[in-house]
Amino acid sequence: MNLLTPYQSKALNYKKHISLTANAGSGKTFVLSKRYLEIAVNENLPLRNIAAITFTDKAAGELYQKIAKEIEARIKDAKEKSSIEQLELIRRQLVSANISTIHSFCIDILREHPVEAGIDANFTPIDEIFADEMIELSVEEVIKSSLENSTDENKLKYLIRFFSSKFILSRELTLSIKHRRNLLSLAKHIYSKSTDEIANHFYETFFSITENVLKESVPLLLETALKINSVVLNGSPKNPTAIEIKHILMKIENEKNVQKLLVLLGNLREKILIKSGTVAIKGYLNRDDSNTLRQECSFVEDYLGKLRYFEIPDNHSEIEIELAKFGRLFIHFFNRTLELYSEKKKEAGYLDYEDILLFTQNILQNEDVRKSLSEKFKYIMIDEYQDTNELQYNIFLPILDNLRKGNLFVVGDEKQSIYMFRDAELEIFNKTKNEITVSAGRESLLSLPDSFRMAPNVCLFINALFNNLFHNPNPLYNEVEHSDVVCARDDNERGNVELLLAESTDDEDEEIAEANLLTERILRLKNQDSPEVKINWGDIAILCRKRKSFIELEKSFIRKKIPYAIIGGKGFYQRQSIYDIYNYFSFLLDQNDDTALVGILRSPLFSVSDSEIFEISLNQEANFWSKLKSYSFSNPTMLNIVEYLEENISLVSKVEISFLLRKIISETGYLSLLNNKVNSVQEQANVTKLINLTINFFAEGFRTLYDYLNFLREAIGEVEDESQAVISDELNSVKIMTIHQAKGLEFPVVILYRCGESSRKQGVKTKSILVNKEFGLLTKVPLDENYFGEYHPAPIVRLNDYIADRKNIAEIKRLFYVGITRAKNQVFISASLNSALSVKEDSFIGLLQQGLNIDFNSQLFTLRSKLKLLAKKDDKYIGDEKDLEIEVPIIKIIHPLAVPKTGAEQLPKIESFMAEHIDDKPIGEIISATKLSVYNQCPLKYRLIYELGFSNLIIENRKWLNSQKIVNKSKQFDFNTKEEELLASSNGEETSRTEVKFAQVKGTLIHKLLSEEAAETELSVKVDTYLKNMIDKEEWLSNQFADLKQDIINNLSIYFKSDNYNRLKEFAVYKNEFEIYHQHDDYYLYGIIDKLIISKDKIVIVDYKTDLITLDEVQERASQYFTQLKFYSYIAGKLFKAITDFELRIVFLKHPNEVITLNIGLKELVKIEHEIEMMVKKVREQTPEKNLDHCNNCVFLIKNNCIVV
């Protein structure tokens, strides 16, 4: 799709602000990349002046790749030397371009302006898990100190009684800190007032909003009710109910007072509806007329039924006073908690995700900062703008001086806004459109209606359905306007839409029936439908609203042997494989844990039958472990199991838990057994994820097996939303995911599953808080301190529930739209027949009925309409329009298909994985420079470190060597600890656990200070500050601390005075701590370059080393490091394709004036590529031969002998 459509061409006009609404599959990323490059080329601007903001890191990566490919294509087509040079310059700049998420963008701003932001210049962003721990700790401390403080004690006890427990109060305080942006505004603008003023605010706001709601909706109610009432009066002119209703309707039409209008609407409800909430038939509307006016009756029933949201109780003032009192007290403890949490972060130099945005918003109130950023960012482009919010709006608009400077380009689709639960505010898109209209005119509001994704019949179905569902939108409820999809597909695929409505029987419930019907339809789709069009398992995506919907479908797929993968499925810690590992380690920790032992015996780890377990239990011993050992004397198989368990019990205190976990999985053949499952790839990926989590868990300081089991126990019991391991999209298996996860993706076949599911009502719950940034803190409150009685909602709370309900329905419609528009060729909508006939407005099947008025008892329904088309002719696009008709079958029963067991169409069997190792040949594996450098030193050393986890053994050995005073520090190599944390035990000059840590700290800190380019005058203060953040407080006063600090300062001071340092300072264009990667074959090459210098004709790669070696050893040691630098040069060569000359420079900080360089040209790069491929191949083949030449420099050499005989 290189030819631009007329609409896409308009979007490339970067001379004015533009808001672009892009239909699904319209090529918006293509337009973004084109526009980005147009600006860079035509305006000859440095890329640092352009910012492209995306919603996710993945989207940023895709945009980056598209721009890079576009640059390559233009270089290839360019004829003039000047154009080629300009494009090559852009390509080099692309490495550091501002193409990122909003958080990354803001981090860069805060790094530039830390003083104005009032934060540590070297702040560390922390993830959500770490932030949650700090918040929970702060909440705990505030509650504890408040109970000991006479001033706050009674206030806190009020809140504890209000929520009925300290636990719920803690939960609500924690949530309020995590999502504090709106509370900060409420605390300032509402809760700084008196209780009476706040209560009055609730009441006045209720009437103000209610007036707008009624003004919009009452005219249609009057029109509809009058139509019904007129039918009654025409048939029975003297009908007393109809006459009375006529008078009420006349009063409603003329009433302007909101309170009186609500009373009249209540009167109408009492007269026209019966207790069940339906229009009265007896004595009013006869049954025949009721059937004729079914649509009108439904509207009146729904409208008057929702009047409950607008009821004003007689004691509303009392409720509002209590709500205001509660809010003031809660804000008090919110402020205290936030203050403590902020102090904790400031001490450690931390910022959480919310801080990053809030601090950026705040510093943009500084005129100097605003001016600086306005001069820097001439062009800002924002993708997925429908998912933005007010906070982000308050960052981007000030940078452009509220559109008076620079250029803003926002692109999105209101119809695809589905992230309200993540604080996305659709109204911000509309607000920005209005701003752009005022600044640049309505001609700046553009659209991309053409879809290159959906086949014509799918487009027709979408237009027919959503033209009705999105009709007459009200922005108050985030309702959106429909825009027809124009079909721009250029193939012969017509597309297909089907409904699957499962009929349940006495033997199966609805969910099982639907799963079985869908399974049979997939089998027919794969094996019988359209023989000329082959459908692969990987072409099919099953989308649903909730993850819990997967369970029955998984069972059905397993029975029918359909390969599947749950993409991003939650419940990672609840998978059986995690339980198995938890049980195994529980037993290793406590051999009296009979439950854990029986669990692992029955699991795939040992696969002992229940009958044999029963037989073992008959032995007369104290616990099951003793019974098993006794039983094993006469059973060789059990004896083998006992020996494995005893060996692992003995290893618990001797080796790393991650190593023991790998050993257990390997020796039991656990992965091979998982491979027999239909979803084997997912299960194996989950085990690999657990291994990585285990490694990371023990990397966080000195943790024990007891800590690890506590972590797993809590995660299994409480953490239900942890996603399962990510697996490759390229696997030939049916993809199962939520619609949210499918956003931005497309599939040949899309099945919307469990479409009869309705959503939970969005509203205020008792003993929980909902934050509305306009209304305030909303909850139900007790009256007269009756905490065990009913909790009452204020009118403002019920109004919020009404608006939330309407917004939720609007978002469900958009979610339905997103789900269907993921399909390229075929759409299947699946539900149970009962759910289809019950018609719930918040279910997909209910929306389908609402939009197309389908008789679900029929066999099919037909849609006829005109469809706009876009076709390519003679290198230009031409619009067309055709009359199309589509028949949509309604399938309720499919007889099981006899799938052939042989031949080309048999169900695929996934090949077995080797059981000897955790990973045989992992796709997407990351190979670092450090890994290959270690392998180049000695393949056996590589295996000991990376595959067998011998780091603990080496630490214990060094302890002993230290005690014997025979440690040889010159054997320590300084590899990049950021690249490989597993090498931590072989870096630096460690000889004990404390020294291990100090050595790692030294290397890390020296590299950090060099990357920051710290001045020599700052060294003492900076080293002291950083060290205190990196090591335990009790070690601050030790001699080792003082020696370490001085050693670091001395190392750097000597280097700063060297000729080598001064030569490197002369280069103007460079990057410190430069992360670099390249996909090579089915793995990624990755490294972190200490300093990358770009000059006109070559690239200089600088690597700092802190090795404790003599001057005579410099050349020999450098030769062992050049493998690492050659690796860097190869990746850099792939990234900077215009440069073919590289200088590799190693700087030993102990001998900084020694110039050790190696020059690499194009010929050498080809050779390096071959060497890398051979080393990776050998690593994967796992051939751990010894390199005897390296032995004298190896940490595994003990008393002149390798530890491996």
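The protein chain has 45 helices and 28 strands, taken as DSSP runs (H or I of at least four residues for helices, E of at least two for strands) and numbered from the N terminus. This is a predicted model, in which local features need pLDDT of at least 70 and side-chain atom pairs count only at pLDDT 80 or more, while totals for chains, interfaces and linings use all residues. Residues are numbered from 1 along each chain as its sequence is written, and side-chain values use heavy atoms, with hydrogens and water left out.

Of the 1205 residues in the protein chain, 53% are buried, that is, under 20% relative accessible area with a 1.4 Å probe, protein chains only.

Now to the cores, each a set of buried Ala, Val, Leu, Ile, Met, Phe, Trp, Tyr and Cys residues joined through side-chain atoms within 4.5 Å.

| Nonpolar core | Size | Some members |
|---|---|---|
| Largest | 91 residues | Ile252, Tyr284, Ile796 |
| Another, apart from it | 59 residues | Ala424, Ala565, Ile567, Leu752 |

In the largest core, Ile252, Tyr284 and Ile796 have the most contacts (heavy atoms within 4.5 Å). Helix α11 gives the largest share, 16 residues. Because domain 2 (208-313) and domain 3 (486-568 + 732-891) both contribute residues, this core lies between them; the bounds come from an automatic or database domain assignment.

Helix α13 is worth a look too. Its buried residues, including Val258, Leu261 and Ile272, pack against α11 (195-235), α12 (240-254) and α15 (294-305).

Notes: Buried < 20%, exposed > 50% of the residue type's maximum accessible area, 1.4 Å probe, protein only.
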